[in-house]
Amino acid sequence: MDVSLTRNFCIIAHVDHGKTTLSDRLLEHTRTVEQRVLTAQHLDAMDLERERGITIKSHPVTMNYPAKDGHVYKLNLMDTPGHVDFSYEVSRSLAACEGALLLIDAAQGVEAQTVANAHLAFSQNLKVIPVINKIDLPSANLELCTQQLEDILMIPAEEAILASGKSGIGIDDILEAVVKQIPPPRWHDHPHTRALVFDSLYDSYRGVIAYARVFSGSLKPGEHLQLMSTGLKSEIKEVGVFTPKMTKKPSLDAGDVGYIVSTIKDTAEINTGDTITTSIRPATEMLPGYQEVRPMVFCGIYPLESNDYEKLKAALGRLRLNDAAFVYQSESSLALGFGFRCGFLGLLHMEIIQERIRREHDVDIISTYPSVVYHVYPAGKDMIEVDNPVMLPDPSSIDEIHEPTIKASIHIPNTSMGDIMSLVMEKRGTIDHTDTLDASRIMLTCTLPLNEILVDFNDRLKSITRGYGSMDYELGDYRESDLVKMDILINGDPVDAFSTIVHREKAQGKGRELCEKLADIIPPQMFKVAIQAAIGGNVVARENVRVMRKDVTAKCYGGDITRKRKLLEKQKEGKRKMKLIGKVSIPPDAFIQVLKN
Ligand code: GTP
């Protein structure tokens with residue numbers, strides 16, 4: 001097929017602005033949907049795991065559209081993950097396209113991720129077509145949306161298409177705009193084969209399936225592909241497109257979006273953003289923008305029941321197969337037993353993985369406080385990366401500790417300005433500038449330590465703004481900071497699961513909070529037990545556990561020795577279930593309760 005009749009585009013939007021509904025409408029309109037229904041039924045019959053692997057990652061789809069100019073166009077619609085944690089993945093999906101539909105909910109207007117995604121699209125030189133969606137809503141405010149388009153995104157208001165994915169308004173206009181305004185595939189006449197990997201999937205029968213956009217040349221089964229970042233070579237077993245089900249083709253050619261099955265068996269060997277070429281005539285220059293993705297947020301994940309360890313291990317292994325950005329390795333903790341140290345792109349990524357372990361793999365887990373990756377400079381030695389507070393070297397040997405920062409753009413109603421500014425200050429952030437979005441909303445651009453937004457920043461933002469605030473962030477640079485490791489000691493013994501790296505000024509407050517919580521949760525003990533928060537040898541906070549002596553045999557006066565023995569046995573059994581920290585026995589769920597909030 002003639003490359004000039006191909007269009008590759010994606011839909012970008014803030015969450016819930018109607019991406020899925022609109023995509024469905026496009027599939028229906030181009031009659032791709034009947035096949036979609038068939039595929040769903042077909043999938044039901046397949047191995048359950050396989051079905052899940054595919055449906056969780058939505059994939060691109062190829063549609064045929066007979067345009068008003070009389071030509072039939074091949075439209076490849078790509079899916080993009082919507083959240084900031086995946087902004088590199090979003091940028092790779094965008095790099096595989098020439099244009100993007102930018103959806104704006106007519107009732108909500110432009111929000112943080114609308115702006116972030118639009119900027120990503122502009123930076124990839126994509127043609128951005130603005131679509132004001134959900135215009136059927138009684139609360140739709142077209143005037144506000146078009147004003148925001150001009151003021152915030154610098155897009156002329158007259159370019160906006162008015163649509164409703166729900167009632168089908170504007171679908172024709174959108175398809176015509178895709179054909180007329182988005183340019184045909186670029187760089188198709190490059191002398192070598194080059195394809196961009198924008199996603200990959202693990203299939204237990206076929207190994208790794210790479211999703212790729214071919215820019216130039218072609219890829220055919222029987223040939224050998226070569227990954228340009230690592231030089232890895234592999235025989236191509238099958239190529240095809242998504243209709244939306246995977247449909248085999250004799251080759252993938254310039255402009256095509258499709259999948260490649262090769263002899264690669266491990267998703268870790270093929271990275272999003274890498275360029276595929278052929279090993280017989282390799283290209284010399286990669287497609288632009290490749291970055292190795294590195295996890296930014298780490299936490300320990302432990303099974304609630306220690307005999308679920310193997311089950312958890314298997315679950316992590318399976319998740320890893322489909323998600324090269326997720327990493328894990330085994331670790332053990334005095335308080336929590338055997339578990340794993342896991343790394344994620346960001347908080348949302350962490351939540352998704354934890355949720356999938358619980359739901360899909362049916363393992364109850366507890367996770368430790370999330371931590372970022374610190375750059376630690378020991379005196380006279382090279383920098384080391386520390387993602388687990390327990391691993392921080394002795395403070396006396398450290399010259400400097402640097403922590404990662406983020407650049408956040410926070411959209412809020414202007415009535416919340418004061419409270420949000422206090423929140424940013426409390427979190428050690430600075431407000432770099434303030435922009436007025438419209439009569440009632442403003443955008444703050446802030447720099448914050450990543451560590452400070454890990455736990456409750458987004459929740460507090462939402463509660464202060466009654467749900468009207470939204471935030472997006474990108475990673476900034478590393479900055480030196482006065483950070484210390486704080487340990488929690490129970491009866492003098494440190495409890496590893498509670499060690500954290502905190503800013504020195506915040507140590508006391510945080511230490512007190514943790515000690516109070518623990519003193520509340522740990523049941524009364526037979527002797528006096530101190531709970532302390534300490535930095536090095538300095539205690540910064542202290543609480544005592546209540547003392548109580550419980551004589552279970554007290555009620556058994558008289559000579560019933562068997563009853564007495566039974567009670568003592570029972571008490572012993574109860575003790576075995578406790579975790580021993582030094583001489584103090586603590587019910588395991590005490591840790592869980594503290595870590596939970
Ligand atoms: P995420 O995948 O979570 O980012 O959401 P999305 O952007 O794909 O949005 P989705 O299509 O799931 O729609 C979100 C909600 O808006 C759903 O409740 C839809 O029914 C509703 N919705 C989507 N499009 C329209 C529309 O045109 N009009 C109205 N009234 N509601 C819509």
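Author: Happy to! Let's begin with the whole chain. Among contacts in the chain with a separation of 6 or more, 70% join residues 24 or more positions apart. Please keep in mind that what you see is a predicted model. The chain has 597 residues, and buried residues make up 52% of them. Its secondary structure comes to 15 helices and 33 strands. The accessible surface is about 27900 Å², and carbon and sulfur atoms hold 50% of that.

Now for the part you asked about. The ligand has 14 residues around it, and K19, T20, T21, K134 and D136 come nearest. If you sort the shell by kind of residue, you get two nonpolar, seven polar and five charged. Which element gives the most to this shell? That is helix α1, residues 19-29, with three residues.

Look next at individual atoms, starting with T21. A polar atom of the T21 side chain is 2.5 Å from an oxygen atom of the ligand. With G165, the backbone takes part: one of its N or O atoms lies 2.9 Å from a ligand oxygen. H17 also uses a backbone N or O atom, placed 3.4 Å from an oxygen atom of the ligand. As for how covered the ligand is, it exposes 650 Å² when taken alone, and the protein buries 68% of that.

From here we can turn to the nonpolar cores. The largest one has 45 residues, and I357 and I410 have the most contacts inside it. Strand β23, residues 398-413, gives the most to this core, with six residues. A second, separate core has 39 residues, including C10, I12, A95 and L287.

Leaving aside neighbours within four places in sequence, I357 is in contact with I301, L312, L316, L319, D362, V363 and I365. Let's follow one of these partners, L312. You will find L312 in helix α8, residues 309-322. Its relative accessible area is 0%, so L312 counts as buried. Again not counting residues up to four places away in sequence, L312 touches I301, Y302, P303, F340, I357, V363 and I365. I301 and L312 are eleven residues apart along the chain, and their C-alpha atoms are separated by 9.0 Å.

S470 lies in strand β26, which covers residues 470-480. Is S470 buried or exposed? Its relative accessibility is 2%, which is under the 20% cut-off, so S470 counts as buried. There is a polar atom of the S470 side chain 3.2 Å from the backbone nitrogen of A112.

For contrast, let's visit the surface. E143 lies in helix α6, residues 142-153. Its relative accessible area is 65%, and therefore E143 counts as exposed.

Finally, two places in the backbone deserve a look. Most residues other than glycine have a negative phi. M154 is not a glycine, yet has a positive phi of about 60°. M154 sits in the loop between α6 and β6, the strand of residues 161-162. With a relative accessible area of 64%, M154 is exposed. N491 is another residue other than glycine with a positive phi, near 55°. The loop that holds N491 runs between β27 (483-490) and β28 (493-494). The relative accessibility of N491 is 30%, so N491 counts as partly exposed.

To find your way back, return to the ligand and helix α1, which gives three residues to the shell.

Methods. Residues numbered from 1 in each chain as written. Predicted model: local features only at pLDDT ≥ 70, side-chain atom pairs only at ≥ 80, totals over all residues. Heavy atoms only, no water. Near = heavy atom within 4 Å. Polar contact = N/O pair within 3.5 Å; in protein donor to acceptor, adjacent residues only side chain to side chain. Areas by Shrake-Rupley, 256 points an atom, 1.4 Å probe, with all protein chains shown as cover. Helix = DSSP H or I, 4+ residues; strand = E, 2+ residues; numbered from the N terminus. Nonpolar A, V, L, I, M, F, W, Y, C, P; charged D, E, K, R; others polar. Core = buried A, V, L, I, M, F, W, Y, C linked by side-chain atoms within 4.5 Å. Buried < 20%, exposed > 50% of the residue type's maximum accessible area, 1.4 Å probe, protein only. Contact = heavy atoms within 4.5 Å.
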